[in-house]
Amino acid sequence: MNSEFTIAVHSLVLLAHLPDHMATSEEIAANVSTHSARIRKVMGFLRKAGYVSTKEGIGGGFILSCKPEEVTLAEIYRLTCQGTLKPSWCSGDESKPCLISSKMDLLMGNVFKDAEKQMENYFEGHTIGSMLEQIKQFECPQSNKEPLS
């Protein structure tokens, strides 16, 4: 899993929350608490996939171009980081004569692939719209009564 998934979900929920569904990369970055260059990279993935559009010029920014209640977290996961659940290194060495050492990487690959399928199935039950509704249910602490945007 990588942070691009979280950034993408956060950005889409934020855009769904905004009345005109638009924000600049700097505004999104401030809300996500990351650098605007990271936001532009992730928003580029989302734009290519049709989830957001861009509006150039004064008053421009990223515009939500999908229905939040129809976009599942599974779609965003597949777009941003499918296949990253498995670590880049696994123990063992397939060239060794030991049954355990020679097959551990294969076994762990299957475990991570199955876990990823289960996680994607879970993510299918959550949409950008449902995430926005859930976040609205959280009670804001007394010291932070500022709006989400």
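Visitor: Which residue in S3 stands opposite Ala 23?
Guide: Phe 62 does. Before we go on, this is a predicted model, where local features need pLDDT of at least 70, side-chain atom pairs count only at pLDDT 80 or more, and totals for chains, interfaces and linings use all residues. Residues are numbered from 1 along each chain as its sequence is written, and side-chain values use heavy atoms, with hydrogens and water left out.

Visitor: OK, and how many bridges join S1 to S3?
Guide: Two, and S1 runs antiparallel to S3, which covers residues 61-64. Strands here are DSSP runs of E of at least two residues, helices are runs of H or I of at least four, and both are numbered from the N terminus. Two strands pair if DSSP finds at least two bridges between them.

Visitor: What's the strand order in the whole sheet?
Guide: S1-S3-S2, an open sheet of three strands with antiparallel pairing. S1 (22-23) and S2 (52-55) are at the edges with a single partner strand each, so one side of each has no neighbour in the sheet.

Visitor: Which strands does H1 touch?
Guide: Helix H1 (residues 3-17) packs on the sheet and touches S1, S2 and S3. Its direction makes about 80° with that of S3. Contact means heavy atoms within 4.5 Å, and axes are lines fitted to C-alpha atoms, for helices over the stretch in contact, with angles running from 0 to 180 degrees between N-to-C directions.

Visitor: Switching to the core: which residues touch the most other members?
Guide: Leu 15, Ile 28, Leu 46 and Ile 76, out of 32 residues in the largest nonpolar core. Such a core is a set of buried Ala, Val, Leu, Ile, Met, Phe, Trp, Tyr and Cys residues joined through side-chain atoms within 4.5 Å. Buried means under 20% relative accessible area, exposed over 50%, and partly exposed in between, using a 1.4 Å probe and protein chains only.

Visitor: And where does the largest share of this core come from?
Guide: From H1, with nine residues. As for Leu 15, its contacts include Ala 23, Ile 28, Val 52 and Phe 62, leaving aside residues up to four places away in sequence.

Visitor: How about aromatics, how many pairs are there?
Guide: Four aromatic pairs. The rule takes rings of Phe, Tyr and Trp (its six-membered ring) with centres within 6.5 Å; planes under 30 degrees apart are stacked, over 60 edge-to-face, and the rest tilted. Phe 5 and Phe 123 have ring centres 5.0 Å apart and planes at 25°, so they are stacked. Phe 5 is in H1 and Phe 123 in H5 (residues 99-124), so this pair ties together parts 118 residues apart in sequence.

Visitor: Is Phe 5 buried or exposed?
Guide: Buried, at 8% relative accessibility. Phe 123 is buried too, at 10%. Phe 123 also forms a tilted pair with Tyr 77, 5.8 Å centre to centre and 55° between the planes.

Visitor: What about Trp 89, buried or exposed?
Guide: Exposed, with a relative accessible area of 64%. Trp 89 is in the loop between H4 and H5.

Visitor: Last one: at what angle do H4 and H5 cross?
Guide: Roughly 135°, with the axes coming within 6 Å. That makes H4 oblique to H5; under 35 degrees would be roughly parallel, over 145 roughly antiparallel, 65 to 115 roughly perpendicular, and the rest is oblique. Among the residues making the contact are Tyr 77 of H4 and Phe 123 of H5.
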